[in-house]
Amino acid sequence: MNELTKRIVFGALFAAIVVVGTVVLPPLFHLLMAFAIAWTLHEFFAMSVGKSGFIAERVLAILGAELLYAFLVLYKTGVLTQLSLISVAFIPVFLLMIVPIWHKDHSNHGKLAYIFAGLGYIGFPMALVPVLQYHAGEQDGWLILGLLLTIWVSDVGAYFIGTALGQRPNSIKLAPAISPKKSLWGLAGAVLFGVGSAVALHYLGVFKFPLAHSMVIGGIASLGGLLGDLVESMWKRYFGVKDSGNLIPGHGGLYDRLDSAIIALPMITVYLAAAGLL
C-alpha cells in the first residue's frame, strides 16, 4: 500500500470513527475522548520528555485530565450536582508537584515543565469538550461533529488557497521560522472555507445559533485551527521530530490529527459561553 493510499484509507477510517462516536453511538464518544486525551498526552510527553522517565508524573497528568473530563460529563448530565466537586480532579496535579521531591536524581527536572505544559495546553482544554457536548443534560453530538467539520474544512481551504496563491515570492508568511509555507493567503482560505462551512451547517440545522454567531464560530474555528497547527509545528521543530507518533498510518500520530481542534474548540467554548449560548 503506497503512502497516498494509506492516507486515504486511514483518513476515511478516522473520519468514520468520529462520525460513529459523535452521532451514531454517542455513548462511545466518552471512550473515544478518554483515549484521545490519554494518547495525545502520551505522544506529547514522548516527544518532549522522551519515551522513558517520569512515569509517575505522566500518569498523574493524564489522570488529572481524565478526571476533569469525567467530572464535567457527570456535572453536565446532572449526575453530579455540585460543581465544586470537580476540584477533586486537581488532586493528581498537586501530587504531580510533590512526587518529584523524592527522586534520587534531580539533574533532569527541567523536563517536568513539559509535563505541566502538556497538561495545560492539551489535557485540560480537551477535557472541556463536555461543556460543548451537553445542553440541558442532553448530548449534542451533531454540534461536536459540526465544529470538527468546520475546523477540518477550514484546514482544507488553507491548504488549497495557500498552495495556489501563497507560495509566490512576494506572499506574506505567517510564521516563516516555524512553518515556511503558511501564508496570509492560507489564512484567508481557512477563514473563507470555515465561515462558509459554518453558514452551511447553520442552514442545515446543525448549528442552532443565530446566523451571525455561526459565522463568528466559523471564523474562530479557522483562526484557532491554524494557530493549533502552528503551535504543534513549533513543538515538533523544537524537538526535531516529523510526526508526533505513528498511530494512524499515513497521517502520523493522534496529536497530528487533533492539533487544530485542541486550540479551536476551547476558543469556541469561551465565545459561546461569553455570548450566553451554552
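In which helix does Y203 lie? Y203 belongs to helix α8, which covers residues 184–203; helices (H or I, at least four residues) and strands (E, at least two) are DSSP runs, numbered from the N terminus. The model is a predicted one, in which local features need pLDDT of at least 70 and side-chain atom pairs count only at pLDDT 80 or more, while totals for chains, interfaces and linings use all residues. Residues are numbered from 1 along each chain as its sequence is written, and side-chain values use heavy atoms, with hydrogens and water left out.

The protein chain holds 10 helices and four strands. Along the sequence, these elements follow the pattern α-α-α-α-α-α-β-β-α-β-β-α-α-α. The radius of gyration of the protein chain, taken over C-alpha atoms, is 19 Å, which agrees with the value near 19 Å for a compact globule of 278 residues; the globule rule is 2.2 Å times the number of residues to the power 0.38. Along the principal axes, the C-alpha atoms fill a box of roughly 55 × 50 × 40 Å.

Of the 278 residues, 45% count as buried, where buried means under 20% relative accessible area, exposed over 50%, and partly exposed in between (1.4 Å probe, protein chains only). The protein chain exposes about 13,700 Å², and carbon and sulfur atoms supply 72% of this area; accessible areas come from the Shrake-Rupley method with a 1.4 Å probe, and for residues only the protein chains shown count as cover. Among contacts (heavy atoms within 4.5 Å) with a separation of 6 or more, 70% join residues 24 or more positions apart.

The structure holds 14 aromatic pairs; rings of Phe, Tyr and Trp (its six-membered ring) pair if their centres lie within 6.5 Å, and planes under 30 degrees apart count as stacked, over 60 as edge-to-face and the rest as tilted. One of the pairs joins F14 and W152, with 6.1 Å from centre to centre and 55 degrees between the planes, and is tilted. F14 lies in helix α1 (residues 3–24) and W152 in helix α7 (residues 141–165), so this pair ties together parts that are 138 residues apart in sequence. F14 is buried, at a relative accessible area of 17%, whereas W152 is partly exposed, at 25%. The pair of F207 and F209 is also tilted, because its planes stand at 40 degrees, with the ring centres 6.4 Å apart. F207 is buried at 1% relative accessible area, and F209 is buried at 9%.

A few individual residues complete the picture. Y203 is exposed, with a relative accessible area of 62%. Between the C-alpha atoms of Y203 and G166 there are 31 Å in space, for 37 residues in sequence. T269 is placed in helix α10 (residues 254–274) and counts as buried at 9% relative accessibility. Leaving aside residues up to four places away in sequence, T269 touches V131, L132 and L278.

Most residues other than glycine have a negative phi. F54, although not a glycine, has a positive phi of about 55 degrees. F54 is found in the loop between α2 (27–48) and α3 (55–76) and counts as buried, at 12% relative accessibility.
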